[in-house]
Every structure is written in C-alpha cells, then in structure tokens.
Amino acid sequence: MFHFTTLPPLSLYIHIPYCVRKCPYCDFNSHEVKESVPEQAYIDALIADLEQDLPKVWGRAVSSIFFGGGTPSIFSPDAIDRLLMAIRSRIRVLPQAEITLEANPSTVDIGRFQGFYQAGINRLSLGVQSFSDVALQALGRIHDKNTALQAIEAIRQAGFVNFNIDLMFGLPQQTVEQALLDLKTAMAYQPTHLSWYQLTLEPNTLFYRHPPILPDDDACWDIQIAGQLLLAEQGYPQYEVSAYARQNKQCQHNINYWLYGDYLGIGAGAHAKISDASTGEIKRYSKQRHPKTYIETAQTPAVLASEETLVATAVSFEFMLNALRLNSGFSTDLFALHTGLPITSVTEALTEGYQRGWLIKEGEQIKTTTIGQQFLNEVLSLFMA
C-alpha cells in the first residue's frame, strides 16, 4: 500500500504510430504508411480509448499533453484540432498546459504549422537529427538540410516561440567539428530547447542487424564534452542526460515523467502510470501495439494489452531511474509525494551512494555528483531489489 497525501501531476501522452518511412535506427512503435493514413478512424479510436480511461482519473486535471510517434505531423491540423476539442470536453486541461507535437521536417509547411498552432499546439519538437546531408542519408532520413532549415523558419513564422530541435551525435564517421556544426546551425535559429543524444544501436532495428561504422567511445566522449561546453556557453545548460534548454523552457511533460508523475497513455502501444489514493495502489497499463488491432479494439476493454500493480521495490527503483537523470535531482518531500513511500525506505541505498561519492545531499535535495552522472547505471543498481 502506498500512502498519498496528494496525487502527483497528471499528463496525457498520445501515440500516433504512422510515418512515411521507418528509420533504420528507430525502435519505437512506428509503422510505414503503405497507402493512406486512416486518420479519422484513428482519431475515433483515440477518443474511445480516452473515454475508457477516464474513471481512473476522475476529478484530476491534465498539466501537459504530448503527441509522439511515429510522426504525429503526418496527421492534418483539422484532425489534431478535433482530438484536442474532444479531450477538453472530457477532462479538464489546465490553462497553462504545455501541448507538444513531434514533427518531421518533410511532413510540414508553414500552412500546416499555422494549423497546428491554431488547433492549440503551443510547443513543437522537430526531428532534424543532423544538418549534414551525408549524415541524413546515412541515417535513412527523408529530408535534407535545406528542408530542415525551411521547416524551422516555418515554425517561427507560424507563431511558435517555444520549440525543440532534436539532434543526434556519434553518427557514422562523425567528427567533433561536424557535431559542433550541427549544434551551431540549430542554435542560430534560437530554439528554446535542444535534445542532443548519442545514436545507439537498438535491438529490432536495421542498424542493429547491419551496424554502420560509428565513432568509438573515446571519440563520442570528446564530442559530448565539447558539445556540452558549447551549449552552456550559448545559454543552453544541461538539465537532463540529453536535454538542454533556455531558462524556464525545460520540457514540462518530460519533467513530469522524470519526477515520477502520473500519465495517461492513449494510442497504439501507449503506456500509462496511474496512482490511486483511495486504494493505495500504483498501476501501469499498456494498449494494443499494432495500429489495426488498436483501432478494432479501441471501443472495448480489449484495447488494454497489459495491466500491472506495482510493488514498493519497483516504485522506488523506477523513481530513481527517472529522477536521477535530472541534474537537479529531487527533494525528499517530492519522493514521498510521488511514490507514496517514506524516504527512509531507500536510506540504505542512499547512504551507500553518498559513501561512494556518487550521490550528494544539499539541504533536502538529492542528486548525482559528476562521477555519479558518468556511472549512472551503477548508481541505479543500488536501488534494485
């Protein structure tokens, strides 16, 4: 049993699994569009899915919404508008809620961006990955540098002042200079947020089966250190393992994940985590993964693919897995509020982390040291059952 004096913030994640082409490094639940996108049927399914989830969160308000994929921008602004109106008519969305939509440079133009803005999207995340045509071709992307730059201009012209650019480093045969040029090109357009992460070869991807030649660990480390210095100098301090932002422009939706907030998940393969103060339980849910199966079952209980009631050891580990990614760490009070557990439940692991120099406590705030950030997996192992 978990004891909640107040429930964590609640977010809503919406998964749109369709994309024009499956990237060779992508291990997300994404599906190439063979013919036309079943836009209306999928929106109908999302609304029905949400309606079945509402009893789990009666009386609660949504503090952020995130459209992920796949490529959500493959859907029309009218479809996104229809869905957001349906959401607002069924659950309270806070007036200041951050509403993010992921976009691919090849699926948007200024008119489309304006449509998303008018529909209520107030934050865009553009998946650029690189501004090098050679690198983009190696990554299997369907856009080039010029298309990416035009998309960024269109974002600004459409009225968005809050937007993120996704970039990768450690790309095939990439040098430090090439990686820094990507960052400089992005920063010239003054995004409020940059996601900059290393390309990794994930199982069940084409790159995993046929790996390209990537920079070695030492070269990637040199790129990372040089990039972080450049980002900090230009006003983009790191606040999470792969996230950098202007002041007060951190991604609120992701921060809710990292601080172990609650979230509903609708869409094919979407996941949810919901705390219940009345039962003292925390549960995880997932939805049917294949889009066709999801659409067919969305109006029935069969849309639920899995359900799990969490135990205390899993909750404390999951909290640390997420919260210790943040440079600022977490407060002892927040641990209790978001897990329903006393901080004393992890005293032994915390003490060992302090002794090894991996963790530090400043007042009531607990976070990783510089060494702890470099050995995060070892830090997390302290909290495993």
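Is F319 buried or exposed? With a relative accessible area of 0%, F319 is buried. The model under discussion is a predicted one.

1. The ring of F319 has a partner in Y260. Their ring centres lie 6.2 Å apart and their planes stand at 75°, so the pair is edge-to-face. The two residues come from distant parts of the chain: Y260 belongs to the loop between α9 and β11, F319 belongs to helix α11 (residues 312–323), and 59 residues separate them. Y260 also counts as buried, because its relative accessibility is 2%.

2. Y239 counts as buried at 10% relative accessibility, and W258 counts as buried at 10%. Separately, Y18, Y42, F75 and Y294 form one aromatic cluster.

3. Helix α1 deserves attention next. It comprises 15 residues (39–53), which at 1.5 Å a residue should span 21 Å; the C-alpha atoms at its ends are 21 Å apart, in agreement with that expectation. Its buried residues include Y42, I43, L46, I47, L50 and D53. As a general point, an α-helix has 3.6 residues a turn, so residues three or four places apart point the same way. The packing partners of the buried residues of α1 are the strands β1 (10–16), β2 (18–19), β11 (262–267) and β13 (281–287), together with the helices α2 (77–88) and α10 (291–297).

4. Which residues form salt bridges with D53? One is K56, whose closest N and O atoms with D53 are 2.9 Å apart. Another is K287, at 2.8 Å from N to O. The bridge between D53 in helix α1 and K287 in strand β13 links distant parts of the chain, 234 residues apart. D53 and K287 are both buried; for D53 the relative accessibility is 4%, and the cut-off for buried is under 20%. K56, by contrast, is partly exposed, because its relative accessible area is 28%. K56 also lies over the face of Y285, at 4.6 Å from the ring centre.

5. In the whole structure, 14 salt bridges are found. One of them joins the side chains of E307 and K283, at 3.1 Å from N to O. This pair links E307 in strand β14 (residues 304–309) with K283 in strand β13, 24 residues apart. E307 is partly exposed, at 46% relative accessibility. Salt bridges with shared partners join D49, D53, K56 and K287 into one network.

6. The side chains of S11 and S64 are joined by a polar contact of 2.7 Å. Leaving aside residues up to four places away in sequence, S11 touches V62, S63, S64, H253, N256, D262, Y263 and L264.

Technical notes. Residues are numbered from 1 along each chain as its sequence is written. This is a predicted model: local features need pLDDT of at least 70, side-chain atom pairs count only at pLDDT 80 or more; totals for chains, interfaces and linings use all residues. Side-chain values use heavy atoms; hydrogens and water are left out. Helices (H or I, at least four residues) and strands (E, at least two) are DSSP runs, numbered from the N terminus. The expected span of a helix is 1.5 Å times one less than its number of residues. Buried means under 20% relative accessible area, exposed over 50%, partly exposed in between (1.4 Å probe, protein chains only). Contact means heavy atoms within 4.5 Å. A salt bridge is a side-chain nitrogen of Lys or Arg within 4 Å of a carboxyl oxygen of Asp or Glu. A polar contact is a pair of N or O atoms within 3.5 Å; within protein, one must be able to donate a hydrogen and the other to accept it, and residues adjacent in sequence count only if both atoms are side-chain atoms. Rings of Phe, Tyr and Trp (its six-membered ring) pair if their centres lie within 6.5 Å; planes under 30 degrees apart count as stacked, over 60 as edge-to-face and the rest as tilted. A charge sits over a ring if NZ of Lys or CZ of Arg is within 6 Å of the ring centre and within 35 degrees of the ring normal.
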